[in-house]
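Visitor: I'd like to learn how to read a few local features in a model. Could you walk me through them?

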Amino acid sequence: MLMSKVSSKEEYVWHLEKTLEHGWSVDDLTSQVKSQLYERQVVANKISNFENRLPIEQKDIVISTMKDPYMFDFINYTEDMLETDIENELVRNVTSLLMELGTGFAFMGQQYHLEIGGKDFYIDLLFYNTKLRCYVAIDLKTGDFKPEQAGKMNFYLSALDDLVKSPDDNPSVGLILCRDENRTIAEYALRDMSKPIGVSEYHLCTDLPLDLKNALPDPEEIRSRIEMKK
């Protein structure tokens, strides 16, 4: 009954392989199908510069691990929450967070401290991925993606590679999570960054389901139709 909800043979096989790989229970598999994991991890047109900034042996794994959007529907969200409030909720629900991030993620710290040039800097969330063998820095934003966020992440990754990662680790990877990724702006912002960075949206429990959201007309389209009727 559950697998009848998948839309293709490829998706069916993918779910079976992932169930064997991760040892998912029936409840786990049900949750992943309902969250449209296949669409978010395989079909999604992801925004990153990983193709040109990572070695071949790391690139494909990182790209396949990334999702768009990430689903944080397990936190208690209210409209007045700040970035730090959402961050705290994610840490309080770290088991659910790690499952949403994917295989091999180990939580290293919240507001991870780096001292650079005598000044203090803090990474929102830092993870180490045992499968990728690298550090993964996450910057969490409550608003739209802004170009300067890519420069900030590039700075953090340079510092992590110099100060934290060991010689045996792969290059550190950055992920900027925001409420609206704005593909065009994000692609321009990442184009000439030297460090591997991805940009994804995240959705909360108050957001519309993905299939319903995708069925709605684009806001620009609505505005155009209104203008035409004037």
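Visitor: Leaving aside its neighbours within four places in sequence, which residues is N154 in contact with?

Guide: Contact means heavy atoms within 4.5 Å. By that rule, N154 touches M193, S194, K195 and I197 once neighbours within four places in sequence are set aside. Please keep in mind that this is a predicted model, where local features need pLDDT of at least 70, side-chain atom pairs count only at pLDDT 80 or more, and totals for chains, interfaces and linings use all residues. Residues are numbered from 1 along each chain as its sequence is written, and side-chain values use heavy atoms, with hydrogens and water left out.

Visitor: Is N154 buried or exposed?

Guide: Buried means under 20% relative accessible area, exposed over 50%, and partly exposed in between (1.4 Å probe, protein chains only). N154 has a relative accessible area of 13%, so it is buried. Its side chain reaches the backbone nitrogen of K195 at 2.9 Å.

Visitor: Where is N154 placed?

Guide: Helices (H or I, at least four residues) and strands (E, at least two) are DSSP runs, numbered from the N terminus. N154 sits in helix α8, residues 147-163.

Visitor: What about backbone geometry? Which residues does a cis peptide bond join?

Guide: That bond links D68 and P69, with omega about 0°. P69 belongs to the loop between α5 (56-65) and β2 (70-72).

Visitor: And what is phi of Q111?

Guide: Phi there is near 50°, a positive value in a residue other than glycine. Q111 is in strand β3, residues 105-116, and is partly exposed at 33% relative accessible area.

Technical notes: A polar contact is a pair of N or O atoms within 3.5 Å; within protein, one must be able to donate a hydrogen and the other to accept it, and residues adjacent in sequence count only if both atoms are side-chain atoms.
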